[in-house]
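Visitor: Could you walk me through this structure, starting with how its charged side chains pair up?
Guide: Gladly; here it is.

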Amino acid sequence: MGSLFRSEEMALCQLFLQSEAAYACVSELGELGLVQFRDLNPDVNAFQRKFVNEVRRCDEMERKLRYLEKEIKKDGIPMLDTGESPEAPQPREMIDLEATFEKLENELREVNQNAEALKRNFLELTELKHILRKTQVFFDEQEGGVNQTTESMTRALITDEARTAGASMGPVQLGFVAGVILRERLPAFERMLWRACRGNVFLRQAMIETPLEDPTNGDQVHKSVFIIFFQGDQLKTRVKKICEGFRATLYPCPEAPADRREMAMGVMTRIEDLNTVLGQTQDHRHRVLVAAAKNLKNWFVKVRKIKAIYHTLNLFNLDVTQKCLIAECWVPLLDIETIQLALRRGTERSGSSVPPILNRMQTFENPPTYNRTNKFTKAFQALIDAYGVASYREMNPAPYTIITFPFLFAVMFGDLGHGAIMALFGLWMIRKEKGLAAQKTDNEIWNIFFGGRYIIFLMGVFSMYTGLIYNDIFSKSLNIFGSHWHLSYNKSTVMENKYLQLSPKGDYEGAPYPFGMDPIWQVAGANKIIFHNAYKMKISIIFGVIHMIFGVVMSWHNHTYFRNRISLLYEFIPQLIFLLLLFFYMVLLMFIKWIKFAATNEKPYSEACAPSILITFIDMVLFNKPKPPPEHCETYMFFGQHFIQVLFVLVAVGCIPVMLLAKPLLIMQARKQANVQPIAGATSDAETGGVSNGGSHGGGGGHEEEEELSEIFIHQSIHTIEYVLGSVSHTASYLRLWALSLAHAQLAEVLWTMVLSIGLKQEGPVGGIVLTCVFAFWAILTVGILVLMEGLSAFLHTLRLHWVEFQSKFYKGQGYAFQPFSFDAIIENGSAAAEE
């Protein structure tokens with residue numbers, strides 16, 4: 001049970017492996033995932049390590065696999081994932097894997113290059129087809145009798161000198177070029193032609209209705225066909241340069257109609273042949289990718305395992321004989337036998353005759369923190385580690401958080417209906433966890449929900465319990481046991497009077513409701529909130545003080561485990577006394593008031609005589625005498641209250657200088673006796689009562705340099721001030737339990753009153769339709785606002801109460817996590833990085 005409440009005991013071990021068995025042994029340790037290796041070559045460049053060539057080969061294989069994966073995803077081919085993890089291949093199998101990947105990459109690149117060339121040819125023929133078709137329409141218009149436009153165009157393009165010379169030489173012929181351009185470039189292309197050629201060209205263009213495929217990237221592009229008429233070679237050269245600048249593609253277009261028709265027929269024939277060849281190419285590519293998709297996941301796993309093994313082997317040292325590898329690693333003490341068995345298996349697989357040697361080393365370094373978790377405790381441990389990883393063998397708050405976290409959440413979120421929705425959602429994820437875990441997704445929000453499924457389920461269950469205590473289900477109450485109140489009002493008064501108040505003097509039977517709140521409070525419009533506020537405010541303080549006291553008690557376990565006698569006597573005891581005599585005493589006053597004072601009691605313990613707990617506590621701290629009570633009322637709630645309160649305050653105040661000065665002065669005295677010169681550093685052995693901090697636990701301890709006395713005084717002053725002032729602020733911080741519970745209940749009541757009640761008041765067939773629509777709207781708001789948004793708000797406030805108010809009493813969180821060499825973690829991280 002010790003490992004549940006503290007991190008595992010760790011040991012630093014030295015490992016000796018034969019060179020021929022090192023690969024197989026590290027492979028077995030990677031499958032086990034219980035060993036954290038240290039880098040014994042920190043000053044050696046990564047490119048100068050022994051197995052750098054093998055790592056480069058693995059990088060190259062991984063690059064080829066990523067290329068195959070990209071092509072498979074491009075074609076939408078499903079990749080087979082059996083969920084199994086194949087063993088790491090032997091080093092001699094790397095050659096076969098490299099040959100397989102090389103063959104697949106070359107074949108796929110060749111197919112892609114051929115397909116790209118064919119697609120480029122197909123694009124050119126398609127563009128030529130559209131040019132011949134569109135220009136044929138233009139020439140048909142010219143020959144069909146629309147000659148006036150052509151003649152005016154010709155006159156506009158021919159200069160006066162050419163027109164005079166053409167009168168004796170016959171009609172002047174215009175030249176033209178035809179091509180295709182991207183549709184978005186056409187307006188700028190037209191302006192440039194007009195300006196560069198000074199209006200001496202004539203442009204006709206027509207859009208290609210169907211988009212064309214870019215052979216380079218496969219994108220769909222929209223293009224237009226154009227034909228440009230001009231006169232003279234000079235304009236022809238200028239037009240071609242402009243077309244080249246705008247990346248327009250020019251195609252030959254015969255002038256004779258018969259030649260154009262003959263070319264169009266040839267183009268159509270070639271397009272049909274290309275379609276056939278492209279189909280065969282795509283089929284071949286598809287077959288190659290389908291065959292690769294069946295093994296791609298396993299290939300990735302194998303390559304990443306090989307790469308991880310060689311990365312790990314690069315952390316080792318070679319002995320002088322160059323035949324043995326030496327490693328240092330952190331291992332859990334409980335798993336040393338399991339690790340030795342794995343090393344034996346690796347030795348047998350490699351065929352080596354020399355067994356590996358695992359020696360435990362003595363060290364003063366702080367070991368890593370390793371908390372064993374399962375699928376249930378993993379999420380709660382993650383909440384703790386998000387604040388800070390526990391110091392080695394420090395008390396672990398996670399086991400207690402499993403109960404306190406959902407309970408404090410439920411105090412704020414308490415509603416039977418909303419809690420049931422949350423619990424059912426968490427239960428659904430738990431029941432379907434195998435299938436949901438197999439469906440890996442990039443949605444980070446869903447991954448967070450699924451990772452915290454057990455937290456969500458427990459928060460929902462606890463919220464159902466507190467909802468029963470509050471007797472609150474969607475802002476209404478359950479009448480299970482009947483009411484213990486008897487009202488002397490008629491039905492119309494109860495239903496319509498918003499100022500109705502419940503008076504315990506005449507309406508209350510005197511017997512408490514069997515479980516939770518009496519449902520009669522639903523009709524008390526005037527004093528319902530006052531009653532609930534007083535109740536929830538007090539239980540918030542009660543839960544908060546108990547939670548903080550429990551946190552201080554947890555620090556006692558840390559002090560006793562590490563044999564820190566000074567901190568135990570002069571920190572823990574004064575802190576506990578300070579908290580008990582002031583704030584726990586205030587809690588006791590609440591219970592005394594609940595027990596002694598009631599509306600039905602006669603004076604001096606009637607409702608009118610009940611004192612205010614807050615005023616009593618303020619008077620106690622300030623040594624003020626209470627104000628004179630009403631007639632026939634007692635000044636104090638019990639005999640000797642004033643003397644006890646003064647004594648409690650004096651003792652609590654006296655604990656402050658003990659917390660502030662006792663520990664530094666004792667450390668200073670111990671140093672003088674030992675005649676030790678202080679130098680810069682951290683906590684000394686004298687601070688821990690003469691015993692090294694954890695030096696006998698797991699082979700790691702706190703043999704560190706001593707801290708300056710001035711720094712010890714400063715740190716102790718900060719901790720004392722933080723604790724004393726924090727006790728007040730932390731107690732008030734727990735009032736968020738009351739505030740969020742009130743806000744949640746009121747918001748639920750607003751939704752019921754202003755939304756759902758509208759549909760419930762409708763009658764007849766129309767009322768059913770209205771109720772259906774209103775209920776759908778109310779359900780969406782309930783789930784979206786009250787369950788999701790209010791649930792997130794309560795979750796964050798609960799997290800703050802644990803991190804700040806609870807864990808600050810005993811938890812430092814200054815350790816570093818145990819990160820073992822594990823194939824599962826490496827493959828999972830590699831898959832996540834590849835998806836990003």
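Guide: A term to begin with: a salt bridge here is a side-chain nitrogen of Lys or Arg within 4 Å of a carboxyl oxygen of Asp or Glu. Please keep in mind that this is a predicted model, in which local features need pLDDT of at least 70 and side-chain atom pairs count only at pLDDT 80 or more, while totals for chains, interfaces and linings use all residues. Residues are numbered from 1 along each chain as its sequence is written, and side-chain values use heavy atoms, with hydrogens and water left out.

Visitor: OK, so which residue does Glu209 form a salt bridge with?
Guide: Its partner is Lys134, and the closest N and O atoms are 3.4 Å apart. The pair links distant parts of the chain, since Glu209 sits in the loop between strand E4 (202-207) and strand E5 (212-213), whereas Lys134 belongs to helix H4 (residues 93-143), 75 residues apart. Helices (H or I, at least four residues) and strands (E, at least two) are DSSP runs, numbered from the N terminus.

Visitor: And is Glu209 buried or exposed?
Guide: Glu209 is exposed, with a relative accessible area of 58%, while Lys134 is partly exposed at 23%. Buried means under 20% relative accessible area, exposed means over 50%, and partly exposed lies in between, using a 1.4 Å probe and protein chains only.

Visitor: What about Glu571 and Lys663, how do their side chains meet?
Guide: They meet in a salt bridge, at 3.3 Å from N to O. Glu571 lies in helix H20 (residues 565-596) and Lys663 in helix H22 (residues 641-674), so this pair ties together parts that are 92 residues apart in sequence. Glu571 is buried, with a relative accessible area of 13%, and Lys663 also counts as buried, at 7%.

Visitor: Which residue pairs with Arg63?
Guide: Arg63 forms a salt bridge with Glu60, with the closest N and O atoms 2.5 Å apart. Because the two are three residues apart in helix H3 (residues 52-74), they are separated by about one helical turn. Arg63 is partly exposed at 30%, and Glu60 is partly exposed at 34%.

Visitor: Which residues are linked in a network of salt bridges?
Guide: Asp59, Glu62, Arg304 and Lys307 are linked in that way. A search of the whole structure finds 29 salt bridges.

Visitor: Switching topic, how many helices and strands does the protein have?
Guide: There are 26 helices and eleven strands, and of the 836 residues, 43% count as buried.
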